[in-house]
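The sequence and structure come first.

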Amino acid sequence: MTTPQPFAHRFSQLAEQRSPFCLGIDPSRDLLTRWGLPDNARGLRDFCERVADAAGSSVAVVKPQSAFFERHGPEGLQVLQELMRRFKSVGTLTLLDVKRGDIGSTMEAYAETVFGEGSAYEADAATFTAYLGLGALLKTLERARASGAAAFLVVRSSNPEGTSLQMSRGDDGRTVAETLADGLRAFNEKPGQDTAPVAGAVMGATLPDSDRGAIERLGGALLLTPGIGAQGAGFDDLKRLFAGREAQVIPTATRSVLEAGPDTAALRNALERHLAPARAFRATARPS
């Protein structure tokens with residue numbers, strides 16, 4: 001079995017060809033109701049088909065949130081598999097938002113579920129948390145590398161409830177976020193391996209300037225930046241937070257696109273309002 005090209009390389013190519021924008025897909029009960037769809041697997045499938053029709057092959061990455069599919073049981077998980085396969089068929093990268101975090105053996109099982117040919121989801125990337133320690137995720141990161149995938153760990157989230165924990169300081173003076181950032185960079189820059197970063201970071205787009213330090217510690221890691229649109233961040237916030245690292249950023253929004261539905265044309269228009277500034281943001285990384 002041939003190892004796929006690393007996620008970081010594939011993302012870079014698609015970001016240039018299409019846009020670096022990542023479309024979050026969160027079919028919540030409220031959103032299904034807003035679209036006039038039943039809150040069941042049939043409504044879920046209809047929702048996903050309309051989103052896929054509207055997005056086509058315009059985005060680099062889609063990020064379905066697993067919880068909104070899991071709540072519909074086995075049928076919901078089948079819809080999730082179908083959705084991911086449909087986007088993969090047009091060359092779009094799939095980033096499964098699951099934020100799993102557990103001990104090593106359990107994490108290995110989770111990794112076998114999401115990464116690699118023949119796995120349940122064959123995701124190109126997925127999200128994880130490291131509350132049980134970065135060491136518990138090492139086999140997950142290694143499986144991602146072997147599969148040509150990427151693992152995005154929550155370093156600094158955009159929700160205010162996470163701040164007190166993520167900004168707590170250890171005996172060495174580093175915050176939890178800084179410690180995680182250092183660990184991800186060490187994994188990505190481990191001698192004797194491919195230089196493409198496997199470990200990425202979730203860094204909320206609504207963060208204050210004080211988080212620049214943690215961003216700098218991440219080195220060349222890809223940066224998944226949720227919070228654009230409904231959570232209050234804009235592309236100007238990306239310029240402020242991630243100046244000098246534009247090529248590493250995966251700008252992400254969900255509700256500010258999906259709430260334009262269910263009309264397909266309206267969804268496409270809302271999506272283009274994100275695709276264009278995402279392209280412009282990335283373009284600032286190129287030398288003049």
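## Buried sites and cores

Ser19 is buried, with 0% relative accessible area. This is a predicted model. Ser19 sits in the loop that links α1 to β1 (22-25). Its side chain has a polar atom 3.2 Å from the backbone oxygen of Leu275. Leaving aside neighbours within four places in sequence, Ser19 contacts Leu14, Ser58, Val59, Ala60, Leu275, Ala278 and Arg279.

Helix α1 comes next. The helix spans residues 7-17, and its buried residues are Phe7, Ala8, Arg10, Phe11, Leu14 and Ala15. These residues lie on the same side of α1, because they cover an arc of only 160° around the axis. What do the buried residues of α1 pack against? Their partners include the strands β2 (61-64), β3 (93-100), β4 (125-128), β5 (150-156) and β8 (249-253). Helix α13 (264-283) is also among the partners.

Now the nonpolar cores. The largest one holds 72 residues. Within this core, Leu23, Phe47 and Met203 touch the most other members. Helix α3 (residues 41-55) gives the most to the core, with seven residues.

Leu23 has contacts of its own to list. Not counting residues up to four places away in sequence, Leu23 touches Val51, Ala55, Val61, Val62, Lys63, Ala253, Val257, Leu258 and Leu271.

What of the cysteines? A disulfide is a covalent bond between the sulfur atoms of two cysteines. How many disulfides are there here? The count comes to zero. The cut-off for a sulfur pair is within 2.5 Å. The sulfur of Cys22 is 15 Å from the closest cysteine sulfur, in Cys48, so the pair is too far apart for a bond. Seen from Cys48, the closest cysteine sulfur is that of Cys22, again at 15 Å and too far for a bond.

| Residue | Relative accessible area | Class |
|---|---|---|
| Ser19 | 0% | buried |
| Cys22 | 0% | buried |
| Cys48 | 4% | buried |
| Tyr131 | 69% | exposed |

Tyr131 is exposed, at 69% relative accessible area. It lies in the loop between β4 and α7 (138-146). Tyr131 and Gly162 are 31 residues apart in sequence. In space, C-alpha to C-alpha, Tyr131 and Gly162 are 12 Å apart.

Definitions and conventions: Residues are numbered from 1 along each chain as its sequence is written. This is a predicted model: local features need pLDDT of at least 70, side-chain atom pairs count only at pLDDT 80 or more; totals for chains, interfaces and linings use all residues. Side-chain values use heavy atoms; hydrogens and water are left out. Buried means under 20% relative accessible area, exposed over 50%, partly exposed in between (1.4 Å probe, protein chains only). Helices (H or I, at least four residues) and strands (E, at least two) are DSSP runs, numbered from the N terminus. The arc is that of the directions from the helix axis to the C-beta atoms. Contact means heavy atoms within 4.5 Å. A polar contact is a pair of N or O atoms within 3.5 Å; within protein, one must be able to donate a hydrogen and the other to accept it, and residues adjacent in sequence count only if both atoms are side-chain atoms. A nonpolar core is a set of buried Ala, Val, Leu, Ile, Met, Phe, Trp, Tyr and Cys residues joined through side-chain atoms within 4.5 Å.
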